[in-house]
Amino acid sequence: MLFGCAEEEVTFDLKNSGNPYQIAVDGGVFSFGGHQFLKLTQPFEQNGRAKPASGATIEVSDGQNTYQYRETEKEGEYKSVEEFAGEVGKVYTLKIEYGGNTYYASDSMVATTEIELEQVPAGEQTKYVKTEKWTEDGATVYNNYFGIDLSKHKFGCVETAKWTFKDIDSSYYVKTPKDLVLLDPAYSHQSSIPQGVFPMATEGTFAAYNDYEDEDDEAPIQCVKMSMSDRYYDYLVSEFNLTDWSGGMFSTIPGNTKTNLSKGGTGYFYASDVKIKYLGLDELLELVKIFGDKELSDDYEKNDNKQ
């Protein structure tokens, strides 16, 4: 066998190396009623950031009704013209016209169960601390601190779901569908995925409520639980493999994240059933007993009985 070689100058054009995506989608339809919300961005540029995709024409259909969307005062953010709530069992289809192209995506809304405290993805640092002091007129003032330690990923759970806890006295608790898209959630997983159980680094979110002085306040903490379809969950796993779970002993071979957008689009348009529960003093103490510092909660009960 004979081989011949010759030098040849080869030029690579990395600036336009063929990014297959022209648009990225984040958001969906929720059973939580209001102006449903979507966020559109353009793909990442080399050494740059994602840019908002402004000027798109958007509609969502459930097979019977079609809802038009309009861009808000913030570029790349869109909300439905009329308020509506998604329904379990329906399939929602997104249509986007942008940059001379048309993109489609669809997802089905599956039901989630009612919130049970035992299913919350809380960690061992969940705690409760109570102190008391007396004012000049002799009145007793309580200073209560609840710290809810959320594990970003908790495995071996009854069902897959997204969770978040918010202080209702803050400006961050869920009031609109937009808040559901922009929240920083924790996730419960049914199976125990090796690359998730043994990641290179662990991440967690922490929700806390400080200075809870009025023990008659029935619901200081908002707990939100969101369902996800099997396809949406597969997309999230593919995303976590590139982010939260990359670089570990069992990490997977890097690849593109999954998507339900048609050719040229990425991200995910999802439909989610939402359950919201407002946790009062009794529920918060029960949460501490299940996951956290049982001694502190027992001390509270002893002091409470004395009073």
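Two strands pair if DSSP finds at least two bridges between them. Strands themselves are DSSP runs (E, at least two residues), as are helices (H or I, at least four), and both are numbered from the N terminus. This is a predicted model, in which local features need pLDDT of at least 70 and side-chain atom pairs count only at pLDDT 80 or more, while totals for chains, interfaces and linings use all residues. Residues are numbered from 1 along each chain as its sequence is written, and side-chain values use heavy atoms, with hydrogens and water left out.

Start with strand β3, residues 57-61. β3 pairs with strand β6 (residues 91-98) over 5 bridges, in the antiparallel sense. Glu 59 has Lys 95 as its bridge partner in β6. β3 is also joined to strand β4 (residues 66-71) by 4 bridges, and these two run antiparallel. Here Tyr 69 in β4 stands opposite Ile 58. The hairpin of β3 and β4 has 4 residues between the strands, and Gly 63 there takes a positive phi near 95°.

Which side chains of β3 are buried? Ile 58 and Val 60 are, and they point to one face. Buried means under 20% relative accessible area, exposed means over 50%, and partly exposed lies in between (1.4 Å probe, protein chains only).

## Cysteines

A disulfide is a pair of cysteine sulfur atoms within 2.5 Å. The count by this rule is 0. Cys 223 has a relative accessible area of 0%, so this residue is buried. Cys 157 counts as buried too, at 17% relative accessibility.

## Salt bridges

Side chains of opposite charge can pair when their charged atoms come close. A salt bridge puts a side-chain nitrogen of Lys or Arg within 4 Å of a carboxyl oxygen of Asp or Glu. The whole structure holds 7 of them.

Glu 77 is buried because its relative accessible area is 2%. Lys 178, at 31%, is partly exposed.

Lys 275 and Asp 273 make a salt bridge at 3.4 Å, N to O. Both residues are buried.

## The largest pocket

A pocket is found on a 1 Å grid over the protein atoms alone: an open set of points where a 1.4 Å probe fits, with protein on both sides within 12 Å along at least five of seven lines. Lining residues have an atom within 4 Å of a point. Grid points are joined across faces, edges and corners, and a volume is the space filled by probe spheres set on the points.

The largest pocket has a volume of about 890 Å³. Of its 33 lining residues, Val 25, Asp 26, Tyr 235, Glu 239 and Gly 267 are the closest to the centre. Helix α3 gives the largest share of the lining, 6 residues.
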